[in-house]
Amino acid sequence: MAYKIIGSTCSGCSACDPECPNDAIREKSGVFIIDPAKCTECEGHFDTPQCVAVCPVDGCIVRA
(Lines give C-alpha, C1' and ligand atoms only; values in the text may rest on other atoms or scores of the structure.)
Protein backbone atom coordinates (compact mmCIF):
# COMPACT_ATOMS: atom_id res chain seq x y z
CA MET A 1 0.00 0.00 0.00
CA ALA A 2 1.11 3.59 -0.45
CA TYR A 3 0.01 7.06 0.52
CA LYS A 4 -1.15 9.80 -1.82
CA ILE A 5 -1.38 13.55 -1.53
CA ILE A 6 -4.74 15.12 -2.35
CA GLY A 7 -3.65 17.80 -4.81
CA SER A 8 -6.62 20.08 -4.15
CA THR A 9 -5.70 20.32 -0.46
CA CYS A 10 -1.89 20.42 -0.77
CA SER A 11 -0.60 23.86 0.18
CA GLY A 12 2.77 23.25 -1.49
CA CYS A 13 4.62 23.90 1.77
CA SER A 14 7.16 21.09 1.10
CA ALA A 15 7.24 19.88 4.72
CA CYS A 16 6.75 16.29 3.59
CA ASP A 17 9.45 16.15 0.93
CA PRO A 18 12.62 16.03 3.07
CA GLU A 19 11.00 13.65 5.59
CA CYS A 20 10.54 10.77 3.13
CA PRO A 21 13.27 8.15 3.64
CA ASN A 22 12.59 6.69 0.18
CA ASP A 23 12.64 9.88 -1.90
CA ALA A 24 9.09 9.04 -3.00
CA ILE A 25 7.81 12.63 -2.81
CA ARG A 26 8.39 15.28 -5.46
CA GLU A 27 6.94 18.62 -6.52
CA LYS A 28 4.80 18.87 -9.65
CA SER A 29 3.09 22.07 -10.74
CA GLY A 30 3.25 23.65 -7.29
CA VAL A 31 1.92 20.67 -5.33
CA PHE A 32 3.60 17.51 -4.12
CA ILE A 33 2.96 13.96 -5.27
CA ILE A 34 3.98 10.55 -3.93
CA ASP A 35 5.37 7.89 -6.23
CA PRO A 36 3.44 4.76 -5.19
CA ALA A 37 6.24 2.52 -6.48
CA LYS A 38 8.65 4.08 -3.96
CA CYS A 39 6.32 4.64 -0.97
CA THR A 40 6.70 2.00 1.75
CA GLU A 41 4.66 3.91 4.37
CA CYS A 42 8.04 4.31 6.15
CA GLU A 43 8.10 0.61 7.12
CA GLY A 44 11.54 -0.32 8.32
CA HIS A 45 12.40 3.32 8.97
CA PHE A 46 9.75 4.78 11.32
CA ASP A 47 6.70 3.63 13.27
CA THR A 48 4.41 6.07 11.42
CA PRO A 49 4.50 7.62 7.95
CA GLN A 50 6.58 10.77 8.32
CA CYS A 51 4.82 12.69 5.54
CA VAL A 52 1.52 12.39 7.40
CA ALA A 53 3.17 13.30 10.71
CA VAL A 54 4.62 16.59 9.43
CA CYS A 55 1.87 17.71 7.03
CA PRO A 56 0.16 20.85 8.39
CA VAL A 57 -3.05 20.16 6.40
CA ASP A 58 -5.36 17.58 8.01
CA GLY A 59 -6.46 14.91 5.56
CA CYS A 60 -4.11 16.02 2.80
CA ILE A 61 -2.11 12.78 2.78
CA VAL A 62 -4.19 9.59 2.77
CA ARG A 63 -3.76 5.90 2.14
CA ALA A 64 -4.22 5.13 -1.53
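A residue is called buried when its relative accessible area is under 20%, exposed when that area is over 50%, and partly exposed in between, with a 1.4 Å probe and protein chains only. By this scale Ser14, at 32% relative accessibility, is partly exposed.

The model described here is predicted: local features need pLDDT of at least 70, side-chain atom pairs count only at pLDDT 80 or more, and totals for chains, interfaces and linings use all residues. Residues are numbered from 1 along each chain as its sequence is written, and side-chain values use heavy atoms, with hydrogens and water left out.

**Strands and hairpin**

Helices (H or I, at least four residues) and strands (E, at least two) are DSSP runs numbered from the N terminus. Two strands are taken as paired if DSSP finds at least two bridges between them. Strand E2 (residues 25-28) and strand E3 (residues 31-34) run antiparallel and are joined by four bridges. Within this pairing, Arg26 has Ile33 of E3 as its bridge partner. Two residues lie between the strands of the hairpin, where Ser29 adopts a positive phi near 55 degrees.

Positive phi values also occur in the loops. Most residues other than glycine have a negative phi. Ser14, in the loop between E1 and E2, has a positive phi near 75 degrees. Cys42, in the loop between E3 and H1, has a positive phi near 65 degrees.

**Nonpolar core**

A nonpolar core is a set of buried Ala, Val, Leu, Ile, Met, Phe, Trp, Tyr and Cys residues joined through side-chain atoms within 4.5 Å. The largest such core has 15 residues, of which Ile5, Cys16, Ile25, Ile34 and Ile61 touch the most other members. Strands E1 and E3 each supply at least two residues of this core. In soluble globular proteins, nonpolar side chains tend to be buried together.

Contact means heavy atoms within 4.5 Å. Residues up to four places away in sequence aside, Ile5 touches Cys10, Cys16, Ile25, Phe32, Ile33, Ile34, Cys60 and Ile61.

**Cysteines**

A disulfide is a pair of cysteine sulfur atoms within 2.5 Å, and the structure holds zero of them. The sulfur of Cys20 has its closest cysteine sulfur in Cys42, at 6.0 Å, which is too far for a bond. Cys39 is likewise in no disulfide, and the nearest cysteine sulfur, in Cys51, is 6.2 Å away.

Ala24 lies in the loop between strand E1 (3-5) and E2. The C-alpha atoms of Ala24 and Lys38 are separated by 5.1 Å, although these residues are 14 residues apart along the chain. Beyond its neighbours within four places in sequence, Ala24 is in contact with Ile33, Ile34, Asp35, Lys38 and Cys39.

Glu41 lies in the loop between E3 and helix H1 (50-54). A polar contact is a pair of N or O atoms within 3.5 Å; within protein, one must be able to donate a hydrogen and the other to accept it, and residues adjacent in sequence count only if both atoms are side-chain atoms. The side chain of Glu41 makes such a contact with the side chain of Arg63, at 3.0 Å. Not counting residues up to four places away in sequence, Glu41 touches Met1, Ala2, Tyr3, Pro49 and Arg63.

| Residue | Relative accessibility |
|---|---|
| Cys20 | 15% |
| Cys39 | 14% |
| Glu41 | 11% |
| Cys42 | 7% |
| Ala24 | 3% |
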